[in-house]
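The sequence and the structure are shown first.

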Amino acid sequence: EAPYLLLTSRLVDTSQQLLTRAWRRHATQAAIGASVQKPRPAADFVVNGRLTVGYISSLPAGHVTYDLVGSMLDYHHDPHLRVLWYSGAFDVVANTGSKLTGGIKVPWNGTRSLAGLLPSKSADLIRDSDRVGLLIDLDGWIGDEPPRKVLASRPAPVQTQWLGWAGTTGDPNLQYIVCDRVIIPPSDRHFFSETLLILPRTYQLNDHLQMYRDVISFGAAARHSSNGDASATHFFGENSPNLAAPWADSGHLTLGNFNQLLKISPDAFGVWAGAMRRSPRVRLLLLTGVSSARLQYAGPANNLQAELRLRGLHDARLLRGDAIDKTLHLQRAAT
């Protein structure tokens, strides 16, 4: 049993309180056997006038989290901070990645591999060797081995979660969650075991360096044209992108969602089906494979087609988006 199973279940009595209790139970089980050391004095976490901040993740290099934070380290310029990156992934690409392979996208001397270490040894490294004062968990409950056992040893005096898991972890070893008022409305505060650190706009970081050249050039061309200086064709020559909306040529409006199917609730699917009923030109494109393993979801895809038929819609209006390489995927989304 894992928290993600709750996303695939349609329980009549499902409530946020039920989910919070389930995640708290899992966090408690993960903490069994953890050794919590005596806290260090606060002065121990400031060395040579710098506070050490650590990010921790066990996700493999190909995970979408790296598409969000891959270049983030390059923007840590505060002279009062030392920033470290802890990876529990066994693929070294997570620490030496690239635009194509995933992982962090900038050279960084402060990377630490936790792969193969016992949780207690990982905690010792973070607490005693690196003296991390603030540890930021990027995973929550995502992945095969989220760092719940490491965090249960309280290797840092302040531990928070951010980005990967937008709900509560139920983990008593995390004091805070970084969020915004959209993903966590103030009225939902009481569902969270963590104290909310609410950012003014959005909690989600996006890596502008992950934008591909044609996307960046598209924006430059649009600005160039709006100033009346030149047309997009003049700006690009023969390789000018099509600035028209995709449906202008195809005659169809395509709704696309590339989350794994287990994240799609009946309610969300019902909203999409309603849009398709109201407009015969609307189609739905869903991911039908797992990107890392290149496996196909034949059964669930067939179930979704059956759901469309039950709603009086032709199943041909459901398009299957296979798992393909990232560059091809972005091109597909643009057309």
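## Strand pairing

Strand 2 and strand 3 run parallel to each other and are joined over seven bridges. Strands are DSSP runs (E, at least two residues) and helices likewise (H or I, at least four), numbered from the N terminus; two strands pair if DSSP finds at least two bridges between them.

With strand 1 (residues 46-47), strand 2 pairs in the antiparallel sense over two bridges. Val46 has Leu51 of strand 2 as its bridge partner. The two strands form a hairpin with two residues between them, and Asn48 in the turn has a positive phi of about 55°.

## Basis of the model

The model is predicted: local features need pLDDT of at least 70 and side-chain atom pairs count only at pLDDT 80 or more, whereas totals for chains, interfaces and linings use all residues. Residues are numbered from 1 along each chain as its sequence is written, and side-chain values use heavy atoms, with hydrogens and water left out.

## Burial of strand 2 and the setting of Tyr55

Six of the eight residues of strand 2 are buried, so this strand is largely enclosed by the rest of the structure. Buried means under 20% relative accessible area, exposed over 50%, and partly exposed in between (1.4 Å probe, protein chains only). Tyr55 lies in strand 2 (residues 50-57) and is buried, with a relative accessible area of 6%.

Which residues does Tyr55 touch, not counting those up to four places away in sequence? They are Met72, Leu73, His76, Val83, Leu84, Trp85, Tyr86, Ile136, Leu138 and Trp162, where contact means heavy atoms within 4.5 Å. The C-alpha atom of Tyr55 is separated by 6.1 Å from that of Asp137, although the two residues are 82 apart along the chain.

## Aromatic pairs

A pair of aromatic rings is described by the distance of the centres and the angle of the planes. The structure holds four aromatic pairs. Rings of Phe, Tyr and Trp (its six-membered ring) pair if their centres lie within 6.5 Å; planes under 30 degrees apart count as stacked, over 60 as edge-to-face and the rest as tilted.

Tyr55 and Trp85 form a tilted pair, at 6.0 Å centre to centre and with 35° between the planes. This pair links distant parts of the chain, with Tyr55 in strand 2 and Trp85 in strand 3, 30 residues apart. Tyr66 and Trp85 form a tilted pair at 6.0 Å centre to centre, with 45° between the planes. Here the link is between Tyr66 in helix 2 (residues 65-69) and Trp85 in strand 3, 19 residues apart. Both Tyr66 and Trp85 are buried. One aromatic cluster is formed by Tyr55, Tyr66, Trp85 and Trp162.

## Helix 3

In helix 3 (residues 119-129), the buried residues are Ser122, Ala123, Ile126 and Arg127. They cover an arc of only 120° around the axis, which puts them on the same side of helix 3; the arc is that of the directions from the helix axis to the C-beta atoms. Their cover includes strand 2, strand 3 (81-87), strand 5 (134-137) and helix 4 (148-152). Arg131, which follows helix 3, has a positive phi, near 50°.
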